[in-house]
Amino acid sequence: MRDLGPPRVINIEDLRRLAQRRLPKVIFDYLDGGAEGEITLRENCRVFADVTFRPRQAVAVGKCSLGVRVLGQDIAFPAILAPVGYSRMIHPGGEVVAAQTAGEFGTGYILSTISGHKLEDVKAATRGPVWYQLYLVGGRAAAERAMERIRAAGFSALVITVDTPVAGMRERDPRNGMKQLLGGSLLAKLPFVPDILAHAGWLSSLLRDGGIPKLENIVLENNQPMPLVDVTAALAESVVEWSDLKWLRKAWPGPMVVKGILTADDARRAVDEGAAAMIVSNHGGRQLDGVSATLRALPEIVAAVDGQAEVLMDGGIRRGADIVKAICLGARAVLLGRGYAYGLAAAGHAGVTRALTILREDVERTMRLLGCASVAELNSSWVEFPASWRRSF
């Protein structure tokens with residue numbers, strides 16, 4: 001941890017630079033990149049500058065409470081670790097390390113279907129709540145097998161992502177040979193070998209971990225896990241429709257969360273279909289480019305839901321002040337994706353620990369500077385934001 005402290009690592013961008021140094025370009029760009037021209041990817045981060053704080057001065061804040069209650073469970077910090085696919089390719093500890101660190105910070109973790117560690121191992125690694133983000137890759141039978149396993153393992157919520165009828169065109173991936181790395185022939189891999197060999201630390205850790213991992217939580221009819229491949233074709237064959245939520249409500253007895261909501265109409269539909277919560281998300285700018293930044297969409301969703309379901313948000317969060325702004329605009333809590341994944345890529349457990357330490361300290365410092373003693377007290381009176389966001393639905 002000494003190497004990840006000041007002055008080497010002050011903020012999340014510092015961890016991003018360390019991740020870029022450790023990872024081959026194909027893996028770093030998979031983590032870092034977005035769809036097409038990456039307009040939404042950039043806007044997710046930039047839009048926080050459109051919201052300014054309105055502090056209460058000359059206020060002595062004693063103990064600062066950062067805890068919130070999400071889906072009936074208390075977490076000590078208003079940020080949950082989001083599902084990040086291919087995490088075991090980023091670092092051998094992958095999902096297990098991320099879940100473990102989330103628990104150490106008293107918060108939750110969401111496991112992606114596109115994961116390399118068995119869901120039972122992920123759940124066992126953490127003291128915090130764990131949710132499962134379900135893709136219908138492998139068909140309904142594979143999804144039902146996964147739901148049986150997560151129920152037995154003690155996962156507390158099911159997250160359904162609704163913005164992936166096809167995979168977005170992430171232009172960095174085909175340029176860098178992602179498809180060839182995961183499933184191509186040796187000949188197809190040759191043009192990309194020099195960059196892989198130039199990152200000996202990452203390559204050594206991958207080989208010690210057994211090479212390209214399988215998708216341990218998509219068990220096919222032959223009782224074997226699905227190979228780790230480019231999931232573009234698989235996603236196109238596993239589109240989630242609103243009618244699927246009725247089946248999922250019957251198959252899953254716990255809370256259901258709908259991820260990928262950007263409009264009031266879809267927010268109301270999610271409530272009608274029984275969602276206990278929804279995540280305002282544009283998939284980190286990795287699906288349809290040119291959609292609204294999630295912070296900008298957040299007030300619309302909060303107004304449309306009108307307290308009938310909990311609202312969370314992801315996208316573009318790199319500082320604790322970003323978390324505070326999202327909560328002021330109505331999010332119950334936020335999801336961190338790249339914000340912790342850069343740390344995972346840079347240094348495994350130590351990197352995720354450093355990322356969450358930075359963000360937690362940022363949140364508390366921001367609260368004290370605002371003159372606010374509790375996350376529960378945050379609301380829109382603490383910020384100023386564009387009038388065009390104050391639409392009635």
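Volumes refer to the space filled by probe spheres set on the points, with grid points joined across faces, edges and corners. The model is predicted: local features need pLDDT of at least 70 and side-chain atom pairs count only at pLDDT 80 or more, whereas totals for chains, interfaces and linings use all residues. Residues are numbered from 1 along each chain as its sequence is written, and side-chain values use heavy atoms, with hydrogens and water left out.

Three cavities of 30 Å³ or more are present in the structure. The lining of the largest cavity (residues with an atom within 4 Å of a point) consists of Val 70, Gln 73, Ile 75, Ile 80, Gly 108, Tyr 109, Ile 110, Pro 129 and Trp 131. Two or more of the lining residues come from each of β3 (73-75) and β5 (109-112); strands are DSSP runs of E with at least two residues, helices are runs of H or I with at least four, and both are numbered from the N terminus. By class, seven lining residues are nonpolar, two are polar and none is charged. Here Ala, Val, Leu, Ile, Met, Phe, Trp, Tyr, Cys and Pro count as nonpolar, Asp, Glu, Lys and Arg as charged, and the others, Gly among them, as polar.

The second largest pocket (an open set with protein on both sides within 12 Å along at least five of seven lines) holds about 330 Å³ of space. Of the 16 residues that line this pocket, Glu 13, Arg 16, Cys 45, Gly 316 and Arg 318 lie nearest its centre. At least two lining residues are supplied by each of α1 (12-22), α3 (39-46) and α18 (338-370). The lining comprises 10 charged, four nonpolar and two polar residues.

Side chains of opposite charge can pair when their charged atoms come close. The structure holds 22 salt bridges, each a side-chain nitrogen of Lys or Arg within 4 Å of a carboxyl oxygen of Asp or Glu. One of them joins Asp 29 to Arg 172, with the closest N and O atoms 3.0 Å apart. This pair links distant parts of the chain, as Asp 29 is in helix α2 (residues 25-32) and Arg 172 in helix α8, 143 residues apart. Both Asp 29 and Arg 172 are buried (under 20% relative accessible area with a 1.4 Å probe, protein chains only; exposed is over 50%, and partly exposed in between). Asp 29 and Arg 172 also belong to a network of salt bridges that includes Glu 13, Arg 16 and Lys 25.

Asn 176 is placed in helix α8 (residues 172-176) and counts as buried because its relative accessibility is 10%. The side chains of Asn 176 and Asp 29 make a polar contact at 2.9 Å. Such a contact is a pair of N or O atoms within 3.5 Å; within protein, one must be able to donate a hydrogen and the other to accept it, and residues adjacent in sequence count only if both atoms are side-chain atoms. Neighbours within four places in sequence aside, Asn 176 is in contact with Lys 25, Val 26, Asp 29 and Phe 192 (heavy atoms within 4.5 Å).

A further salt bridge is formed by Arg 149 and Glu 120, whose closest N and O atoms are 2.8 Å apart.

Key. On a 1 Å grid over the protein atoms alone, a cavity is a set of points where a 1.4 Å probe fits but cannot get out, and a pocket is an open set with protein on both sides within 12 Å along at least five of seven lines; lining residues have an atom within 4 Å of a point.
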